Every structure is written in structure tokens, then in C-alpha cells.
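Trainee: Could you take one part of this model and go through it closely? I would like to see how its surroundings are described, step by step.

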Amino acid sequence: MANLILRNLIKSYGTTEVIHDISLDVADGEFVVFVGPSGCGKSTTLRMIAGLEDVTKGSIEIGGREVNNLEPKERDIAMVFQNYAIYPHMSVKKNIAFGLRSSKLPKADKEKRIQEVAEILDMVDLLDRKPNQLSGGQRQRVAIGRAMVRNPAVFLFDEPLSNLDAQLRTQMRLEIKKLHQRVGNTIVFVTHDQVEAMTMADRIVIMKDGYIQQVGTPAEVFHKPANTFVARFIGAPSMNLLSGTLDATTVTLDGGQAVTVPSVAAIGSKTVLLGVRPDDLHAGSANPIMSGKVVVREPLGSETLIYVETASGEIIAKADGRTPPEVGEIVELGAAPENLHVFDAETGVALT
Ligand code: ADP
Ligand code: MG
């Protein structure tokens with residue numbers, strides 16, 4: 001068990017800097033998820049922690065020990081990749097045991113460790129099978145078992161679920177979360193999928209172009225996005241962002257509607273984006289802020305998404321699943337003031 005500290009981490013390939021001075025404290029036993037679009041630097045960061053990439057500048061500490069110059073096997077970490085390489089000619093047991101190949105444990109202890117891991121992963125009955133006799137999810141569990149058998153201080157996962165079909169991905173997501181609750185190791189998990197990040201993480205690190213955009217609990221990044229990138233990236237469908245002008249606590253939208261917003265950290269008149277999540281924008285609300293015509297409906301069962309043409313552009317709102325408004329109907333849309341977000345239009349930074 002150990003904490004993990006990234007201190008002013010920089011990575012360059014040749015003259016191109018791809019990770020720009022990132023710092024993060026991961027507590028012992030914490031489940032942290034790095035999320036961001038492809039190419040934002042998630043794998044590079046994880047590979048530096050693992051010792052598979054050199055650190056250009058800054059330091060990495062695991063359990064209070066700087067590991068910059070340690071070999072991967074000396075770092076007390078284990079990594080599970082998207083393309084997990086399990087060996088087709090080896091049994092499940094041999095594949096799991098492979099994780100202990102460089103361990104100096106006596107044979108009996110290794111056996112015991114493999115049994116324990118097989119029990120935790122519910123694979124005791126599968127130990128003699130070959131990978132081609134396993135389902136996709138079971139194969140993925142073998143790869144996790146190989147990492148677990150070493151009982152590392154820190155688990156590193158690089159998009160381990162991305163190759164699985166949707167149903168299996170949801171199931172494995174839950175399994176990994178339960179596993180973490182049981183064994184309690186520190187986990188750094190990388191994904192491009194915001195739902196995976198929201199559902200699994202204690203804390204989420206949102207990255208873009210090699211910069212950290214925000215670090216927070218799932219609730220914090222969802223309800224208090226630090227900027228428009230986070231506001232758009234977290235949550236589906238994305239937050240509506242409408243351009244307007246802020247003066248004191250009133251945003252006048254480009255379509256003319258004046259909307260009162262909670263107190264904002266801005267002085268004078270400013271061009272802004274007013275943000276409101278579809279989840280927070282209801283047809284027929286007691287606090288209407290704009291009206292418009294329903295142009296499309298997307299029924300989701302328990303609720304219906306409605307696309308509404310307003311004077312300030314098309315926006316998405318949620319309506320009742322059973323009795324949603326008709327296409328062509330004019331609806332009043334409202335939101336509670338505390339669910340309105342204001343962003344600086346130039347920098348994208350949150351002002352609320
Ligand atoms: P992610 O995992 O978030 O998709 P990566 O960490 O793989 O992103 O990549 C981050 C950036 O670093 C990208 O712009 C990528 O092109 C660049 N990069 C990654 N590996 C190398 C490399 N070996 N040489 C040069 N550039 C690289
Ligand atoms: Mg990657």
C-alpha cells in the first residue's frame with residue numbers, strides 16, 4: 001500500500017513537450033481515473049509512473065520514495081493494458097503465475113498467492129483452462145490476476161476495457177470497483193470514456209493537450225466544472241452553452257432573454273457563455289428562463305430528451321418519459337439559479 005505523488009512532471013519527445021508540468025497527490029488506497037480525449041497524454045503519464053518512459057523533468061514518488069531512476073520491477077507497481085497479452089499456450093494458472101516470474105518468494109508461497117487471487121477473482125475452477133476456453137471477461141480477469149498476484153502498492157490500468165463490448169465493459173467496470181473495495185490498493189486508471197471515469201473514480205483527473213484541466217470527485221467535476229472543456233466533456237448529453245453578455249448578475253443572451261445568475265466573480269460587462277445541463281433544464285419548470293419550439297424528441301424510456309429551437313440557438317432539455325411535449329409544441333424551459341453556470345467566453349474559465 002502506498003501513496004503516489006507526481007511533482008511538476010514534464011515529458012518531451014525530442015523538442016516537443018507533450019506533458020506540461022503536471023502535479024497530483026494520490027492518497028494511499030485511492031482510485032484515481034485519468035480521463036481525456038485521445039492524444040491528451042494519459043498513457044504517457046501512466047507509462048512514466050510505471051517506469052516505461054523516462055521523466056524529462058520533475059519527480060514521481062511512490063510510498064515516499066522517489067522512483068524516477070528505478071526499473072519498473074523495482075517500483076512496486078503492476079500494469080494492465082488495453083491489449084492484455086495472455087499466453088494462449090499456458091493455462092490460466094500459468095498465466096497468473098507469470099506475474100511472479102521475477103519474484104523470489106518460495107514456491108509454496110507463490111502457490112498460495114495464486115490461489116488467493118483466483119478466489120478473489122472467482123476463477124478457482126478455471127485455473128487449468130487455456131485462454132481459448134474462456135470468455136472475453138474471464139480473459140480480462142486473468143490479465144488482472146497476473147497484476148494482482150504481485151500485490152503491488154499501485155495498480156496502473158491503461159484503458160483495459162476499451163476492447164470489450166458494451167455489456168461486458170459495464171460488468172468489468174463493476175468488478176474492478178468491487179475488487180478495489182475489497183483489496184484497497186491504490187489505483188490509477190486511464191480511460192477516454194467519461195462514464196467509466198464517473199462511475200469508478202474516487203477522484204477524476206481531466207486532461208487535455210498534456211495539461212490537467214481539473215481534479216475532483218465525480219460530483220465536483222459534474223456540478224462545478226472549472227471550464228468549458230470540462231463542462232462539455234463530462235456528462236452526456238453535453239452541457240448547453242449559450243453566448244451572451246454578463247452585467248452584474250444578469251446574463252443577456254444573444255437572443256435577447258435576460259437570465260439572472262448566481263453571484264459571479266467578474267467586474268464590469270463581459271462576453272460569457274451561460275451553461276446549463278440538459279438534466280437541469282426542465283420543460284414547464286416554475287422558474288422559466290426561455291421558451292422555444294420542440295424540433296426533435298429522443299425517448300430514453302424513463303425520460304425524453306427534447307431539442308428546442310430558442311432565440312439563442314438550439315438547446316437540449318429533459319422532459320418526462322411518459323408525457324413529453326410534442327414536436328412543434330412551444331415549451332417554457334426553466335432551471336434553478338444554482339444550476340446555471342457562467343464561463344468567460346474568451347478563456348472558457350468558470351466565473352460562478
Ligand atoms: P493518450 O494516451 O491520452 O491517448 P498519449 O499519452 O499516448 O495520449 O500521447 C500524448 C502525446 O504524446 C500525443 O500527442 C502523442 O502523439 C505523443 N507521443 C506519444 N508517444 C510518443 C513517442 N514515442 N514519440 C513522440 N510522440 C509521442
Ligand atoms: Mg493511451
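Mentor: An oxygen atom of ligand 1 lies 2.6 Å from a polar backbone atom of glycine 39, which counts as a polar contact (a pair of N or O atoms within 3.5 Å). The model is predicted: local features need pLDDT of at least 70 and side-chain atom pairs count only at pLDDT 80 or more, while totals for chains, interfaces and linings use all residues. Residues are numbered from 1 along each chain as its sequence is written, chains are lettered from A and ligands numbered from 1 in the order in which they are written, and side-chain values use heavy atoms, leaving out hydrogens and water.

Cysteine 40 has a backbone N or O atom 3.2 Å from an oxygen atom of ligand 1. Tyrosine 13 uses its side chain: an N or O atom there is 3.3 Å from a nitrogen atom of the ligand.

Now to another part of the chain. Tyrosine 84 sits in the loop between β6 (77-80) and α2 (92-97); helices (H or I, at least four residues) and strands (E, at least two) are DSSP runs numbered from the N terminus. Beyond its neighbours within four places in sequence, tyrosine 84 is in contact (heavy atoms within 4.5 Å) with Gly136, Arg139, Gln140, Ala143 and Leu164.

Gly136 and Gln140 are also among the residues by which α4 touches α5. Helix α4 (residues 136-148) and helix α5 (residues 166-183) pack at about 25°, axes 11 Å apart. That makes α4 roughly parallel to α5, a label for angles under 35 degrees. Angles run from 0 to 180 degrees between N-to-C directions, and axes are lines fitted to C-alpha atoms, for helices over the stretch in contact. The α4 side of the contact is Gly136, Gly137, Gln140, Arg141, Ile144 and Met148, and the α5 side is Leu168, Met172, Glu175, Ile176, Leu179 and Val183.

Terms used: Angles under 35 degrees count as roughly parallel, over 145 as roughly antiparallel, 65 to 115 as roughly perpendicular and the rest as oblique. A polar contact is a pair of N or O atoms within 3.5 Å; within protein, one must be able to donate a hydrogen and the other to accept it, and residues adjacent in sequence count only if both atoms are side-chain atoms.
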